[in-house]
Amino acid sequence: MRWLLWLCVLAALIDLRAFGLTDLDEGFYASVAREMRQSGDWRTPTLGGEPWFEKPPLLYWLMTLSMRVFGENEFALRLPSALFYALTILLIAWWGNRRLGQSAGSWGALLFALAPLSLILARLAITDMTLTFFLTLAVIALWEISNLTPPSPISARRERGATPASPSA
């Protein structure tokens, strides 16, 4: 099963520059990352020289770093999305295997990996796959925290059928 998950990740990485920037947002985000790289200002994203605070800057930073390594091309711009796709697959597999058994997590990760929308978003230079990863991480963290926190004494008494003591008059 693991080899199939890695095959999905490899498929997302293969020829990320096979087609030009297609989505309008891809062009916006690419321009913001390019301007950030050219200006050296990592704190204020700009589009056409004007501040651009439409999205959190993490994706712009990652695109800028990727462009430094791979040059200004579609592969560099789309690599962060493909990496967050891979990280989401690993996160689902790890958590599912840990919580539900060895094969459950792998199947869940495979279902995510082969979902048409996941495959499409993994190959676009937009924020969706980054959001998917962090939202998945947040839901898992919330689940884990809710299962670790012991009940408060008041809620434990209520579960046993007791009511809180009222002040005596």
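Guide: One term comes first: a polar contact is a pair of N or O atoms within 3.5 Å, where, within protein, one must be able to donate a hydrogen and the other to accept it. Please keep in mind as well that this is a predicted model.

Visitor: Which residue has a side chain joined to that of T46 by a polar contact of 2.7 Å?

Guide: T46 is found in strand β1, which covers residues 46-47. Beyond its neighbours up to four places away in sequence, T46 touches several residues, namely S31, V32, E35, P51 and W52. Among these partners, the one whose side chain makes the polar contact of 2.7 Å with the side chain of T46 is E35.

Visitor: Stepping back, in what order do the elements of the protein run from the N terminus on?

Guide: The protein has eight helices and two strands. Reading from the N terminus on, the order of these elements is α-α-β-β-α-α-α-α-α-α.

Visitor: What share of the contacts between residues at least 6 apart in sequence joins residues at least 24 apart?

Guide: A contact here means heavy atoms within 4.5 Å. Taking the contacts in the protein between residues at least 6 apart in sequence, the part that joins residues at least 24 apart is 66%.

Visitor: Which parts of the chain does the aromatic pair of F28 and W52 tie together?

Guide: A search of the whole structure finds eight aromatic pairs. One of them is formed by F28 and W52, a tilted pair with 5.5 Å from centre to centre and 45° between the planes. Since the two residues are 24 apart in sequence, the pair ties together helix α2 (residues 24-39), where F28 lies, and, for W52, the loop between β2 and α3.

Visitor: How is the pair made by the rings of F84 and F133 described, and which residues form one aromatic cluster with F84?

Guide: The ring centres of F84 and F133 lie 5.5 Å apart and their planes meet at 45°, so this pair is tilted. The pair links distant parts of the chain, with F84 in helix α4 (residues 74-100) and F133 in helix α7, 49 residues apart. Both F84 and F133 are buried. The residues that form one aromatic cluster with F84 are F133 and F134.

Visitor: Helix α4 also holds S81, so what is the relative accessible area of S81?

Guide: S81 is found in helix α4. Its contacts, apart from neighbours within four places in sequence, are with L121, A122, L124, A125, I126 and M129. S81 is buried, because its relative accessible area is 0%.

Visitor: Which element supplies the largest share of the lining of the largest pocket?

Guide: The largest pocket has a volume of about 150 Å³, and the residues that line it are K55, P56, L58, L59, T127, D128, T130 and L131. These divide into four nonpolar, two polar and two charged residues. Two helices, α3 (58-70) and α7 (128-148), each supply at least two residues of the lining. The largest share, three residues, comes from α7.

Visitor: Where is K55 found, and what is its relative accessible area?

Guide: K55, one of the residues lining the largest pocket, is found in the loop between β2 (50-51) and α3. Not counting residues up to four places away in sequence, K55 touches Y29, Y60 and T127. The C-alpha atoms of K55 and Y29, 26 residues apart along the chain, are separated by 9.2 Å. K55 is classed as partly exposed because its relative accessible area is 34%.

Note on methods: Residues numbered from 1 in each chain as written. Predicted model: local features only at pLDDT ≥ 70, side-chain atom pairs only at ≥ 80, totals over all residues. Heavy atoms only, no water. 1 Å grid on protein atoms, 1.4 Å probe; cavity = no way out; pocket = protein on both sides within 12 Å on 5 of 7 lines; lining within 4 Å. Points joined across faces, edges and corners; volume = space filled by probe spheres on them. Helix = DSSP H or I, 4+ residues; strand = E, 2+ residues; numbered from the N terminus. Nonpolar A, V, L, I, M, F, W, Y, C, P; charged D, E, K, R; others polar. Buried < 20%, exposed > 50% of the residue type's maximum accessible area, 1.4 Å probe, protein only. Phe/Tyr/Trp six-rings, centres within 6.5 Å; stacked < 30°, edge-to-face > 60°.
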